[in-house]
Every structure is written in structure tokens, then in C-alpha cells.
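User: Hi! I have a structure open and would like to talk it through with you. Could you take a look?

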Amino acid sequence: MTEQLILSDGEEEEEEGKEEERVPVGRSWHTMVKIDNAHLFLYGGLSDQNEALGDAWLLDTASFRWTRIKSSFETRLWHSATTSGHSNSPIYIIGGSVSNIYFHQPKFPRHALKISLSPESLQKYIYKYKIV
């Protein structure tokens, strides 16, 4: 399993020479999971231009404001995602394909993803790395 820690401060940055997208492109074969009572996490899928996607977005359900999460995720579609729905719980991305199976020979991911949107608590960190 590949682990990635993504810390988002909610501020959007613009890449040099490229205006940051404000909302995700239209898509299918993606996943969207509840992070907590105020946020949904959107990952991957197939764009309306038949392009495999590996982008990640956070939707604030109170303001309906999208925030793109800067990441280096591989493209993934036809996958599953789950989380416990409690604050600070990781998101697990499992299975799927990394390419559009209708137009290419299917390629499948070799690992699951564990995505954390906030750092582990100090207690969990100490337990995990046996620091005492």
C-alpha cells in the first residue's frame, strides 16, 4: 500500500503560466467519499474528453467551494474509495484501472492508496514508530 500525506491549508496557488482551475472537470467512473459533516473528497475518473484523471478535490458542502488538492496521484478510474467518515480518518483508494479500458489495453494499479488530509496525532506517531 502506498501512503501519501496531503496537507491542505485551503489556499489556492497558481502554477506559473497556468491559471488554477476553480472546479473539477466533468467526469464519470470517479469516487466521492464523505470526509466529515462538511466535506466531500473527489478522486480520479474519466473526463468528458475521455481522458483518465488522477486529480483530487475537496468540496466544502456549506459553501459549495471546491479546493484542488495538490498531489502526484496516478490516474485511476473504475476504482473504489472508502473512509470511516470521522474527522481525520484516512481515505483508502482500492482497485480500478489506470487507463480507459475502452480505448487502451487495461493497466491495473499495483497498490492501494492511503490518503491522509491531516497529520497523524502525536500519540499515533509515537505508537507507529515505537518512540518512547
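This is a predicted model: local features need pLDDT of at least 70, side-chain atom pairs count only at pLDDT 80 or more; totals for chains, interfaces and linings use all residues.

User: How many aromatic pairs does the structure hold?

Analyst: There are three aromatic pairs in the structure. One of them joins Tyr43 and Phe73, with 5.4 Å from centre to centre and 85° between the planes, an edge-to-face arrangement.

User: Where do Tyr43 and Phe73 lie?

Analyst: Tyr43 is in strand S4 (residues 39-47), while Phe73 is in the loop between strand S6 (65-69) and S7, so this pair ties together parts that are 30 residues apart in sequence. Both Tyr43 and Phe73 are buried.

User: Back to the tryptophans. How far apart are the ring centres of Trp57 and Trp66?

Analyst: Those centres are 6.3 Å apart, and the planes of Trp57 and Trp66 stand at 90°, so this pair is edge-to-face too.

User: What share of the residues is buried?

Analyst: Of the 132 residues in the protein, 34% are buried. The protein exposes about 8,800 Å², and 52% of that comes from carbon and sulfur atoms.

User: Which residues form the nonpolar patch on the surface?

Analyst: That patch is formed by Leu122, Tyr125, Ile126, Tyr129 and Ile131, which together have about 500 Å² of accessible area. Ile131 sits in the segment after helix H1 (122-129). With a relative accessible area of 43%, Ile131 is partly exposed.

User: Changing topic, where is Thr82 found?

Analyst: Thr82 belongs to strand S7 (residues 80-82). Thr82 is partly exposed, at 42% relative accessible area.

User: Which residues does Thr82 touch, leaving out those up to four places away in sequence?

Analyst: With those set aside, Thr82 touches Val33, Pro90, Ile91 and Tyr92. As for Lys34, 48 residues away along the chain, its C-alpha atom is 8.6 Å from the C-alpha of Thr82.

User: Last one: among contacts with a separation of 6 or more, what share comes from residues 24 or more positions apart?

Analyst: Residues 24 or more positions apart account for 46% of those contacts in the protein.

Definitions and conventions. Residues are numbered from 1 along each chain as its sequence is written. Side-chain values use heavy atoms; hydrogens and water are left out. Buried means under 20% relative accessible area, exposed over 50%, partly exposed in between (1.4 Å probe, protein chains only). Contact means heavy atoms within 4.5 Å. Accessible areas come from the Shrake-Rupley method with a 1.4 Å probe; for residues, only the protein chains shown count as cover. Patches are made of residues with over 30% relative accessible area and no salt bridge: like charges are joined within 9 Å, nonpolar side chains (Val, Leu, Ile, Met, Phe, Trp, Tyr) within 5 Å. A salt bridge is a side-chain nitrogen of Lys or Arg within 4 Å of a carboxyl oxygen of Asp or Glu. Helices (H or I, at least four residues) and strands (E, at least two) are DSSP runs, numbered from the N terminus. Rings of Phe, Tyr and Trp (its six-membered ring) pair if their centres lie within 6.5 Å; planes under 30 degrees apart count as stacked, over 60 as edge-to-face and the rest as tilted.
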